[in-house]
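I opened this notebook to keep track of what I looked up. The entries follow the order in which I checked things.

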Amino acid sequence: MAQEQRPFLSSFPKHEEDETDDEPTQQFELPPFHRRKDFTLRLICIVEALGLLALSLAIVLIAQRKHSNLECTRQVSAYSPLLEEPDLVKYSDQDLPLYFNEKTEYRGPPTPEREILWETLWHQGAFEVPEDKLDIMNKSHTGRSYKHVPPEVGTGYAAQLGVLHQLHCVHMLRQWSYKEHWIDRGLDLPGSLYGDPRLTRMHLDHCIEVLRANIMCTSDVTPILIELDPSAPFGERADFRANHKCRNFWDIRQWVMDNTAIP
């Protein structure tokens, strides 16, 4: 058949390479510039993938990391130099002895021994707060002047511990509730109760407010169960011996004693 009668055949003339079908096809290669660019893109993709993998692993590790008690305490507490001590503030589970009629060494009318126990709970000196901590205590812009510790001790400010002041208030209110113990014996009222009655009343009201504000501030969320007891006046009573997560008060008090700047 003549070529013009075969429409599906190309009418273009053959090139020389078309005539050598038996020779192997030549391999295609990128120019050097394109090869470098392709390598760079691949390297970038690998680095990005490794970066995402490392980031994902870091997120998982952070989410699973268990924070220490000290880290948690710092998060939920105002600044205190005691929280800069790595092994000072600790916690323990305790069933507090708070049944309605439960006896403790601190409970009951005044005795010489009991008054000493109460005094030693809270009657401690002042410690030093570094000068550069006023800002974090929200005290740097009050316009007030604060007492410094003696120069031979340091350059910081003198401070007392909140829990010890609160215990002082409890002690004062306790003594006021037993004031007849001294009045009936013709004795002067002890400690802060002695003196101008108006100042005493102001002091008592101050202590009531200190305790109210701190109780509301800390807002203890411990559940107090109701115990069923047919012998109780209403057939039931509150189980005040509830389990609490407590700080190690005696170690905290000892730190204040060991770091007293002003007795």
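Does C246 count as buried or exposed? I found a relative accessibility of 14% for C246, so C246 counts as buried. The cut-offs I used are under 20% relative accessible area for buried, over 50% for exposed and partly exposed in between, with a 1.4 Å probe and protein chains only.

Ground rules. I am working with a predicted model, in which local features need pLDDT of at least 70 and side-chain atom pairs count only at pLDDT 80 or more, while totals for chains, interfaces and linings use all residues. Residues are numbered from 1 along each chain as its sequence is written, and side-chain values use heavy atoms, with hydrogens and water left out.

Overall layout. I noted seven helices and six strands in the chain. Both are DSSP runs numbered from the N terminus: helices are H or I with at least four residues, strands are E with at least two. From the N terminus on, I read the order as α-α-β-α-β-β-α-α-α-β-β-β-α. Of the 263 residues in the chain, 22% are buried.

Cysteines. I looked for disulfides, meaning pairs of cysteine sulfur atoms within 2.5 Å, and the structure holds one. It joins C169 to C207, with S to S at 2.3 Å. I noted -70° about the S-S bond, which makes the link of C169 and C207 left-handed. C169 lies in helix α4 (residues 162–177) and C207 in helix α6, so the pair ties together parts 38 residues apart in sequence. Both C169 and C207 are buried. I also checked C217, which is exposed, at 66% relative accessible area.

Aromatic rings. I paired rings of Phe, Tyr and Trp (for Trp, its six-membered ring) if their centres lie within 6.5 Å; planes under 30 degrees apart count as stacked, over 60 as edge-to-face and the rest as tilted. By this rule I have four aromatic pairs. In one of them, Y106 and W118, the ring centres are 5.7 Å apart and the planes at 80°, so I logged the pair as edge-to-face. Y106 lies in the loop between β1 (91–95) and α3 (112–122) and W118 in helix α3, so this pair ties together parts 12 residues apart in sequence. Y106 and W118 are both buried. The rings of F249 and W250 have centres 5.0 Å apart and planes at 75°, so this pair is edge-to-face too. W250 is partly exposed, at 48% relative accessible area.

Backbone angles. I found a positive phi, near 60°, at N138, a residue other than glycine. N138 is in the loop between β2 (127–129) and β3 (157–159). With 65% relative accessibility, N138 counts as exposed. S219, also not a glycine, has a positive phi near 45°. I placed S219 in the loop between α6 and β4, and at 40% relative accessibility S219 counts as partly exposed.

I224 is in the loop between α6 (197–218) and β4 (226–228), and I have it as partly exposed at 46% relative accessibility. D239 is in the loop between β5 (236–238) and β6 (243–247). At 22% relative accessibility, D239 counts as partly exposed. The C-alpha atoms of D239 and P223 are 9.6 Å apart, and these residues are separated by 16 residues along the chain.
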